[in-house]
Amino acid sequence: MGWKNAFDYMHGVAVKHGVGSAERREDEGLPLGARIGGLLTIQQSPFIRANGNGSLIAMPTGADTGIVAVSQIKLNMAGGLYRFYTATGDVNAREKFLQVFRNGQGEIAEIMYCTQLARVIPETAEDQDAYTGVSGCGLGDKTYTLWREQLGDIGLDSADLDLVFGDSDRLDYQRDAGDAGAEFLAPFTGTEIRIDDAAGQHGLQQEMYFMPYVRELRGGGHEYLLITTEIVNSVDGDASRRGIHVDFVIGIPLERERIVIQ
């Protein structure tokens, strides 16, 4: 697929062909046959089981089937990540996406469904340092804790919080990378290019600092907390629309046979 020059292409398409009349698709060749406008169907049983075991994952609804954007994330590691968004989180709705990791041999090694828990804006230089791990602490520490009070403050229902937390006031996650005993591991870094239409006329480019954390659910299974600091470089090719935010995303792994993309 034409990822290499995606945003140069975005600038040139309207001039060469007129908006909406591009001659080729920029979303071809994605894993699982995904494409913008495709329909994503996932069996409900993994979510029912995860929620019953205390996961924070949001159950997909009938409105979460259409793929509205796709992205490729090039990280400082072998392989690459792809995200197929059913909600981008740019306006009001929290982002939801299927994340696919393809290893250095081009094989699909992991599939995860993800829903945004919260987005925060680091307001000080110290906050930005913590969320990028540049000072050797913060994002990349070997553990991360979510507190019940925090999640109540962002609007989660008290009944749902009772199911998730039980008698505790905290959820502890372990870093899912590097030496488990190391106090700190520098976050993964990379660039995400997201396109929001098949012609690649709309989308964004952003730099990322990324670290996955994980906890074991009651009754078995795992829930991932993906913490990503995103520095937006351009939107629709416009470099003046820059910004920074930190996304906290909950993910659960899925088996390939539970997913259909049409």
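Me: Which residues lie nearest the centre of the second largest pocket?

Reply: Keep in mind that this is a predicted model. Nearest the centre of that pocket are Asp90, Leu204, Val232, Val235 and His245, out of 20 lining residues.

Me: Which elements give two or more residues to that lining?

Reply: Strands β8 (188–195), β9 (203–216), β10 (222–235) and β11 (243–253) do.

Me: And how do the residues of the lining divide into nonpolar, polar and charged?

Reply: There are 10 charged residues, 5 polar and 5 nonpolar. The volume of this second largest pocket is about 280 Å³.

Me: What volume does the largest pocket have?

Reply: About 340 Å³. Its lining has 18 residues, and Leu56, Ile57, Ala58, Leu156 and Asp160 lie nearest the centre.

Me: Where does the largest share of that lining come from?

Reply: From α5, with 4 residues. Both β5 (108–120) and α5 (158–165) supply at least two residues. By class, the lining of the largest pocket has 9 nonpolar, 4 polar and 5 charged residues.

Me: Switching to helix α2. Which of its residues are buried?

Reply: Pro46, Phe47, Ala50 and Asn51, in a helix that covers residues 45–52. Down the axis of α2 the buried residues fall within an arc of 125 degrees, so they line one face of the helix.

Me: What do they pack against?

Reply: The buried residues of α2 pack against β1 (40–42), β5, α5 and β11. After α2 comes Gly54, with a positive phi near 95 degrees.

Me: Now aromatics. How many pairs does a search of the whole structure find?

Reply: It finds 5 aromatic pairs. In one of them, Tyr85 and Phe97, the ring centres are 5.2 Å apart and the planes are at 55 degrees, so the pair is tilted. Tyr85 is in strand β3 (residues 80–87) and Phe97 in strand β4 (residues 96–102), 12 residues apart.

Me: Is Tyr85 buried or exposed?

Reply: Buried, at 2% relative accessible area. Phe97 is also buried, at 1%.

Me: What about Tyr131 and Phe248, which geometry does that pair have?

Reply: Edge-to-face, with 6.3 Å centre to centre and 85 degrees between the planes. Tyr131 sits in helix α3 (residues 125–132) and Phe248 in strand β11, so the pair ties together parts 117 residues apart in sequence. Tyr131 is partly exposed at 23% relative accessible area, whereas Phe248 is buried at 6%.

Me: Which residues form a cluster with those two?

Reply: Tyr144 and Tyr213 do; together with Tyr131 and Phe248 they form one aromatic cluster.

Definitions and conventions
Residues are numbered from 1 along each chain as its sequence is written. This is a predicted model: local features need pLDDT of at least 70, side-chain atom pairs count only at pLDDT 80 or more; totals for chains, interfaces and linings use all residues. Side-chain values use heavy atoms; hydrogens and water are left out. On a 1 Å grid over the protein atoms alone, a cavity is a set of points where a 1.4 Å probe fits but cannot get out, and a pocket is an open set with protein on both sides within 12 Å along at least five of seven lines; lining residues have an atom within 4 Å of a point. Grid points are joined across faces, edges and corners, and a volume is the space filled by probe spheres set on the points. Ala, Val, Leu, Ile, Met, Phe, Trp, Tyr, Cys and Pro count as nonpolar, Asp, Glu, Lys and Arg as charged, and the others, Gly among them, as polar. Buried means under 20% relative accessible area, exposed over 50%, partly exposed in between (1.4 Å probe, protein chains only). The arc is that of the directions from the helix axis to the C-beta atoms. Contact means heavy atoms within 4.5 Å. Rings of Phe, Tyr and Trp (its six-membered ring) pair if their centres lie within 6.5 Å; planes under 30 degrees apart count as stacked, over 60 as edge-to-face and the rest as tilted.
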